[in-house]
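Please keep the 3D view open as you go through the points.

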Amino acid sequence: MNPITQTLDFGDGKAITLETGKLAKQAHGSVVLRQGGTLILATVVAAKDAKPGTDFLPLSVDYQEKFSAVGRIPGSFMKREARLSDYEILISRMVDRAIRPLFNDDYHADIQVNIWLLSSDPNIKPDALVGLAASAAICLTDLPFNGPISEVRVAKIDGQLVINPYKVDLERATMEFIVAGNANDINMVEGECNEIGEDEMIEALKFAHAHIKLQIAEIHNFVAKVGKKPTREYKHEEHDAEIEKEVRAFTYQKLYDIAKVPSSKDDRSTKFDAVLDEYKASLSEEDLLAKGALAKKYFSKTKKEAIRDMVLHERSRLDGRKLNQVRQIWCEPSYLPMAHGSALFTRGETQALATVTLGSKLDEQLLDSPMNQGYSRYFLHYNFPAFSTGEVKPNRGPGRREIGHGNLAQRSLKRMLPVENPYTVRIVSDVLESNGSSSMATVCAGSMALMDSGLPVSGGVSGIAMGMISNSKGEYAILSDILGDEDHIGDMDFKVTGTANGIVGCQMDIKVDGLSYEVLAEALIQAKEGRLHILGEMNKAIEKPAADFKPFTPRMEMLVIDSEFIGAIIGPGGKIIQQMQKDTGTVITITEKDNKGIVAVSSADAEGLQAAMRKIRAIVAVPVIGEVYDGIVKSIMPFGAFVEYLPGKDGLLHISEIGWKRLETMDGVLNVGDKLQVKLLDVDPKTGKVKLSRKALLEKPAQQ
């Protein structure tokens with residue numbers, strides 16, 4: 001066994017080692033990446049031939065974290081790794097989006113990329129390393145891959161840009177992007193930030209790309225050590241230049257003319273299909289049988305070419321809009337009468353209905369994955385039913401696309417939430433209609449629903465999807481608020497979210513080589529104009545948080561107490577807290593942090609909430625000498641009575657302190673259960689015994 005290694009050391013103290021030849025040697029490509037105590041295994045296997053009828057790249061990327069990597073046993077019933085978590089799916093998507101565009105367009109054999117986290121250094125985030133490992137593994141195969149690529153995390157910490165910061169430092173970041181690219185271009189960006197400007201974002205992307213280039217050079221050195229395999233020969237598509245020429249000659253101008261006339265999605269689709277039917281009708285049955293499959297493929301290719309040419313030459317859009325024009329918007333907050341918060345956002349033929357539900361600590365989401373353990377009090381669920389695009393599909397739960405789009409919206413809206421937020425917040429976006437950028441509609445609808453809920457959020461967040469069409473002549477068109485068709489035939493899908501003050505999130509996929517930073521900067525400026533326009537339309541419907549919660553929304557108050565009082569609130573066997581909840585109709589939860597107890601009380605009944613808070617404040621109150629309390633007699637003794645002046649706290653009311661008149665006995669003076677006011681005279685610092693007085697509150701009688 002002679003493993004081959006390559007060390008990537010750029011003088012930042014974060015050296016990375018690539019290794020092959022030791023693990024998973026029957027895979028077509030296998031690489032182990034090490035950094036500190038983190039170890040990632042990436043394997044690639046590809047089928048030799050494409051399945052019949054396949055006209056796309058069947059690439060699957062799965063990133064999985066082993067619980068043993070962090071020394072834990074899974075918390076599930078089966079005690080083994082289950083389906084990929086949303087977090088693992090998001091990382092898988094980022095690798096997929098970075099490598100997929102770099103395979104040859106006519107390669108259609110199955111490719112499977114598996115990436116495992118086998119060991120995890122507690123201070124190193126592995127998600128920014130998996131793209132590097134996967135890319136190196138692919139480069140060791142004979143696949144037609146126009147890479148390598150690499151991925152890095154770029155963050156701004158204490159005002160400085162940092163590549164792949166340690167986890168402990170990332171907590172102070174004001175900007176965090178994962179950026180992927182090849183030696184020439186960036187092709188994928190995903191991340192969030194604190195209301196930054198466009199120039200600041202461009203600076204971060206340039207900084208990240210410079211480091212990506214260094215990593216790519218080392219991948220080349222690594223492959224050279226191993227020995228580059230010749231690219232495999234394949235033939236996955238049939239071609240016929242004569243049929244392609246014939247289809248283009250018959251359909252191109254007709255398709256161009258249709259694209260030039262503004263129309264709806266359904267109307268446009270019907271007219272395009274009619275052109276194909278017209279071409280088929282011009283063929284004999286024998287020719288149709290011979291040319292049909294290829295004709296359909298060349299028709300799709302010609303349609304894409306015609307639409308792109310129309311946009312570049314006419315500087316217009318399929319629906320008649322200008323390049324920088326946003327579709328018509330209408331909004332309706334508080335659409336659902338019984339939701340804690342809701343909003344309907346419609347932009348052109350895309351519509352999202354968002355709801356906000358506010359819950360207590362008991363509604364927190366349990367996180368149980370190797371790199372994410374604990375609880376989350378904020379989450380967003382994005383649903384994309386088939387009827388939103390007029391299709392018939394079985395409902396099988398959210399796919400990877402839904403999880404990815406929901407994550408972008410969740411990260412963007414997170415910036416709105418108040419710092420001191422006692423609620424568990426769930427946002428749900430149901431896409432009811434879609435023709436382009438339903439994820440950005442989710443951001444807009446979710447923002448308004450949060451305001452409608454009455455949460456004291458910081459302000460509105462809007463989002464826009466940008467596209468681009470370019471050609472080999474250097475001509476290009478940047479499109480604001482892209483349609484579904486424009487996304488399909490375009491070279492870029494760039495989603496940007498932000499407030500009135502700056503960018504808070506982005507997700508970018510570039511499908512073409514050679515996108516300059518100047519063009520990217522132009523797209524960002526055009527996106528800003530669109531974002532602010534959309535935010536202005538949203539503000540017409542709801543500009544600030546509702547003055548109060550809905551009548552049926554649970555109210556919640558929080559109280560920070562010394563940890564020594566937690567037991568007193570809970571009581572033996574939970575008796576006290578359970579009785580309080582029963583008496584007041586509230587939900588009371590207590591968490592301990594930094595030697596403090598955080599008590600949260602929630603209820604839809606404001607009166608019950610305040611009653612519970614009074615009881616809790618009484619339990620945790622510290623006796624104050626000279627303070628007057630409402631007490632209850634708990635027991636009678638020959639020398640006086642013990643009075644409960646605070647819940648769970650008794651003090652001695654001596655017989656001499658009951659009144660000004662001298663008493664010889666306690667018989668008939670007080671009874672258990674009597675209510676009376678007492679003044680706290682003294683607390684013994686050693687024993688904690690409390691002396692109470694009723695006499696001090698009574699007027700001294702005149703001397704007789």
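What share of the contacts in the chain with a separation of 6 or more comes from residues 24 or more positions apart?

1. Contacts along the chain. Residues 24 or more positions apart supply 69% of the contacts with a separation of 6 or more. Contact here means heavy atoms within 4.5 Å.

2. How to read this note. The model is predicted, so local features need pLDDT of at least 70 and side-chain atom pairs count only at pLDDT 80 or more, while totals for chains, interfaces and linings use all residues. Residues are numbered from 1 along each chain as its sequence is written, and side-chain values use heavy atoms, with hydrogens and water left out.

3. Overall build. The chain holds 14 helices and 29 strands; these are DSSP runs (helices H or I, at least four residues; strands E, at least two), numbered from the N terminus. Its radius of gyration is 34 Å, well over the 27 Å that the globule rule gives for 704 residues, so the chain is more spread out than a compact globule. That radius is taken over C-alpha atoms, and the rule is 2.2 Å times the number of residues to the power 0.38. Along the principal axes, the C-alpha trace spans about 130 × 65 × 45 Å.

4. Surface and burial. Of the 704 residues, 51% are buried (under 20% relative accessible area; exposed is over 50%, and partly exposed lies in between, with a 1.4 Å probe and protein chains only). The chain exposes about 33600 Å², with carbon and sulfur atoms supplying 51% of it; the areas come from the Shrake-Rupley method with a 1.4 Å probe, and for residues only the protein chains shown count as cover.

5. The cores. Which residues touch the most other members of the largest nonpolar core? They are Phe177, Phe345, Leu450 and Phe494, in a core of 106 residues. A nonpolar core is a set of buried Ala, Val, Leu, Ile, Met, Phe, Trp, Tyr and Cys residues joined through side-chain atoms within 4.5 Å. Apart from this core lies another, of 49 residues, including Leu59, Val95, Met188 and Phe222. Not counting residues up to four places away in sequence, the partners of Phe345 include Ile329, Trp330, Ala441, Met448, Ile534 and Met538.

6. Glu198. This residue belongs to helix α4 (residues 198–226). Is Glu198 buried or exposed? Glu198 is buried, at a relative accessible area of 10%. Beyond residues up to four places away in sequence, Glu198 touches Ile503, Leu524, Ile525, Lys528 and Arg531.

7. Leu118. Look for this residue in strand β6 (residues 111–119). Leu118 counts as partly exposed because its relative accessibility is 29%. With neighbours within four places in sequence set aside, Leu118 is in contact with Leu39, Leu41, Lys66 and Ala69. Thr38 is 80 residues from Leu118 along the chain, yet their C-alpha atoms are separated by 7.6 Å.

8. Backbone details in loops. The peptide bond from Gly147 to Pro148 is cis, with omega near 5 degrees, and Pro148 sits in the loop between α2 (130–139) and β7 (150–157). Asn164 has a positive phi, near 45 degrees, though it is not glycine; this residue lies between β8 (160–163) and α3 (167–170) and is buried at 12% relative accessible area. Ser437 also has a positive phi, about 60 degrees, in the loop between β17 (424–433) and α9 (438–453). Ser437 is buried, with a relative accessible area of 11%.
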